[in-house]
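Have a go at each task before reading its solution.

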Amino acid sequence: MEATIIPDRLNHYPVLLKEIISIISPQYGGTFIDCTFGQGGYSKEILKFPNTKVIGIDRDVKSKRIADQISRNFEGRFFFKNIKFSQLNNLKLKNENIKGVIFDLGYSLNQMRDDEKGLSFSSQGQLNMKLGLNDFSAKETINKLELDDLQKIFKYFGEEKEARTIARRIVNERVKQDLDTQSLVNIIESVKKRDNSKIHSSTKVFQAIRIFVNKEISELIYGLINATKILKKDGILAVVSFHSLEDKIVKYFFRSLSENKSISRYQPKIIQSEPIFFTKQRKPIVPGEKELSENISSRSAKLRFIIKKKNFYNFDTDVFEKFQSLIEVENISNKL
Ligand SMILES: C[S@@+](CC[C@H](N)C(=O)[O-])C[C@H]1O[C@@H](n2cnc3c(N)ncnc32)[C@H](O)[C@@H]1O
């Protein structure tokens with residue numbers, strides 16, 4: 001059955017939805033875990049197929065209102081949990097036949113527009129950036145951490161070339177006033193005023209702080225590990241990523257646990273004696289021209305998926321060692 005997909009332009013536009021549906025094949029029924037429920041774009045599409053069940057997860061409690069509505073419309077077929085996907089292993093799944101686990105990383109348009117969350121550099125008000133279930137905010141990060149630590153966050157999580165100068169200016173300014181979103185934007189602009197880049201001068205620093213505040217690196221790694229454990233044979237693990245750090249982690253994790261068809265010296269070290277997954281597509285799937293013309297924010301989306309070969313739950317992975325330098329930057333949060 002071909003899914004008819006009509007995006008709602010006022011709400012979040014579910015990225016690569018048609019492609020996700022065609023990969024996970026809900027027409028054959030089964031249980032799916034939507035690890036980034038958001039506005040429910042993927043979940044609702046899956047539930048259109050009879051004999052499907054969806055467990056939706058989101059760290060943002062604001063997703064619960066939409067989730068409650070879907071639960072009423074699909075009684076006994078949809079369940080929502082306000083947890084982080086690193087806690088996937090806390091779901092009591094009994095003997096569920098998990099056919100697919102999907103991740104659509106990042107944040108939705110509605111979250112971006114939420115001034116209280118302060119994810120956007122046009123937000124007015126306090127620095128925050130917490131998506132939900134966080135231990136600290138952007139306000140504490142910017143107002144409390146030392147120069148060297150701020151520099152590392154901007155450099156590693158934002159690839160910001162002016163990381164040190166921006167960090168130094170923040171440290172100098174914050175003794176005069178508590179910094180809020182717009183004062184941070186002004187500091188960044190004052191450092192990067194001669195920057196001719198096409199992206200907004202605050203994009204990289206804001207991305208870096210969001211990754212740090214939401215511990216996006218370890219969240220993703222634990223999410224992938226737990227998803228691997230709960231999937232059944234032939235189950236599909238699919239991830240849509242939006243920035244290069246996410247995609248690097250997903251790509252490495254997938255390759256290191258998959259059948260190694262082409263021998264390359266760039267291949268990750270396979271430490272798992274028997275591959276758990278196989279891949280059909282080595283290159284990521286990206287939005288086509290039609291989607292790009294309808295939703296420009298999808299331009300950096302990359303979809304990768306792998307298929308589980310058999311019921312296999314204990315496995316070794318060196319993904320934490322591989323991304324040790326990023327985990328160390330994330331651990332700067334222990335100082336807060
Ligand atoms: C891009 S949106 C997903 C949109 C969704 N696919 C849709 O169609 O409405 C990403 C969602 O993932 C959630 N999220 C991000 N990191 C998370 C994590 N570690 N655990 C659980 N949810 C997370 C965000 O709160 C956000 O609602």
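**Exercise 1. Find which residues lysine 117 touches, not counting residues up to four places away in sequence.**

Solution. Start with the rule: two residues are in contact if their C-beta atoms, placed from the backbone, lie within 7 Å. By that rule, lysine 117 touches Gln111, Asn128, Met129 and Lys130. This is a predicted model, in which local features need pLDDT of at least 70 and side-chain atom pairs count only at pLDDT 80 or more, while totals for chains, interfaces and linings use all residues. Residues are numbered from 1 along each chain as its sequence is written.

**Exercise 2. Decide whether lysine 117 and serine 137 are buried, partly exposed or exposed.**

Solution. First, locate them: lysine 117 is in the loop between helix 4 and helix 5, and serine 137 lies in the loop between helix 4 (109–112) and helix 5 (138–144). Helices here are DSSP runs of H or I with at least four residues, strands are runs of E with at least two, and both are numbered from the N terminus. Lysine 117 has 23 C-beta neighbours inside 10 Å, so it counts as buried. Serine 137 has 19 other C-beta atoms within 10 Å, so it is partly exposed.

**Exercise 3. Work out which residues serine 137 touches, and how far it is from valine 213 in space.**

Solution. Leaving out residues up to four places away in sequence, serine 137 touches Leu127, Asn128, Met129, Lys130 and Val213.

**Exercise 4. Describe how helix 6 and helix 9 meet.**

Solution. The axes of helix 6 (residues 147–158) and helix 9 come within 8 Å and cross at roughly 100 degrees. The two helices are therefore roughly perpendicular, the class for 65 to 115 degrees; under 35 is roughly parallel, over 145 roughly antiparallel and the rest oblique. Ile153, Phe154, Phe157 and Gly158 of helix 6 make the contact with residues of helix 9 including Lys204, Val205 and Phe212.

**Exercise 5. Check the length of helix 10.**

Solution. Multiply 1.5 Å by one less than the number of residues. For the 15 residues of helix 10 (residues 216–230), that gives 21 Å, which agrees with end C-alpha atoms 21 Å apart.

Conventions:
Axes are lines fitted to C-alpha atoms, for helices over the stretch in contact, and angles run from 0 to 180 degrees between N-to-C directions. A residue is buried if 20 or more other C-beta atoms lie within 10 Å of its own, exposed if 12 or fewer, and partly exposed in between; C-beta atoms are placed from the backbone.
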